[in-house]
Amino acid sequence: MWWKDLRATFSQRINVEGIGSSASVLVKDQHMALPHVLVPDIRYIDWGELQRRGFKGVVFDKDNTITVPYSLTIWDPLDASIERCKSVFGNDIAVFSNSAGLFEYDHDDSKARALEKAIGIKVIRHRVKKPAGTAEEIEKHFGCKSSQLVMVGDRPFTDIVYGNQNGFLTVLTKPLSLAEEPFIVRQHQGKKDSE
């Protein structure tokens, strides 16, 4: 079991599938990494307006979108926005993360269960790492097509590419913290901030 945990920790830091997908996006599909909406963080999202425009639910990435990396609690300044989202969408919000709920890294569901208990939001279990895969698990959870859902995340080449490939409205946030991020992510974000 220790080997699975070690492998999971290493693999979370280096998303080989994500790197391959990023290369493909950079070469032929750059538009797939462009979000529909760009905000500093989720406090800038008008949940009521999204619902008025016909969206039925919200899917959050976890790390650096609603929690600092590898934390199981909402980043304190985002609490009010999460509560507003819950008041608008009720139970029609979920977390879809490569760190909690992905079988490869959370093989016994312990991270997903702990996160659900801590934040009161359902974590969707899945077997394929973003940005690969379909929206099948998400559509099943929400009972609607992904085009009626909002995907919120901090990484253009995983969260946004996944959302765009599967027809979500995509919202890109800035990462909450770069401290635990791999070198390549820190360098990319530093370049974006200086532009």
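In which loop does Asn64 lie? In this predicted model, Asn64 belongs to the loop between β2 and α4. The phi angle of Asn64 is near 75 degrees, a positive value in a residue other than glycine. Asn64 counts as buried because its relative accessibility is 0%, and the cut-off for buried is under 20%.

Asp109 also has a positive phi, near 65 degrees, and is likewise not a glycine. Asp109 lies in the loop between β3 and α5. Its relative accessible area is 25%, so Asp109 is partly exposed. A further backbone feature occurs at Pro131. The peptide bond from Lys130 to Pro131 is cis, with omega near 15 degrees. Pro131 sits in the loop between β4 (122-123) and α6 (136-142). Such cases stand out because most residues other than glycine have a negative phi, and most peptide bonds are trans.

Attention now turns to strand β5. Leu149, Met151 and Gly153 point one way from β5. Val150 and Val152 point the other way. In a regular strand the side chains alternate between the two faces of the sheet.

β5 has parallel partners. Strand β2 (residues 57-60) pairs with β5 in the parallel sense over 4 bridges. In that pairing, Val58 stands opposite Val150. Strand β6 (residues 169-173) also pairs with β5 in the parallel sense, again over 4 bridges. Between β5 and β6 comes helix α7 (residues 156-165), and the three elements make a right-handed β-α-β unit.

The largest nonpolar core has 27 residues. Within this core, Ile42, Trp47, Val58 and Phe60 have the most contacts. At least two core residues come from each of α3 (47-52), β2, α4 (79-89), β3 (93-95), α5 (110-119), β5 and β6. A second, separate core has 12 residues, including Val59, Ala94, Phe96 and Phe142. In soluble globular proteins, nonpolar side chains tend to be buried together.

Phe60 shows how parts of the chain meet. Leaving aside residues up to four places away in sequence, the residues that Phe60 touches include Ile42, Trp47, Thr65 and Ile66. Ile82, Cys85, Ala94, Val95 and Phe96 are also among its contacts. Phe60 touches Val152 too, a residue of β5 that is buried.

Technical notes: Residues are numbered from 1 along each chain as its sequence is written. This is a predicted model: local features need pLDDT of at least 70, side-chain atom pairs count only at pLDDT 80 or more; totals for chains, interfaces and linings use all residues. Side-chain values use heavy atoms; hydrogens and water are left out. Buried means under 20% relative accessible area, exposed over 50%, partly exposed in between (1.4 Å probe, protein chains only). Two strands pair if DSSP finds at least two bridges between them. A crossover is right-handed if, with the strands pointing away from the viewer, the path from the first strand over the helix to the second runs clockwise. A nonpolar core is a set of buried Ala, Val, Leu, Ile, Met, Phe, Trp, Tyr and Cys residues joined through side-chain atoms within 4.5 Å. Contact means heavy atoms within 4.5 Å.
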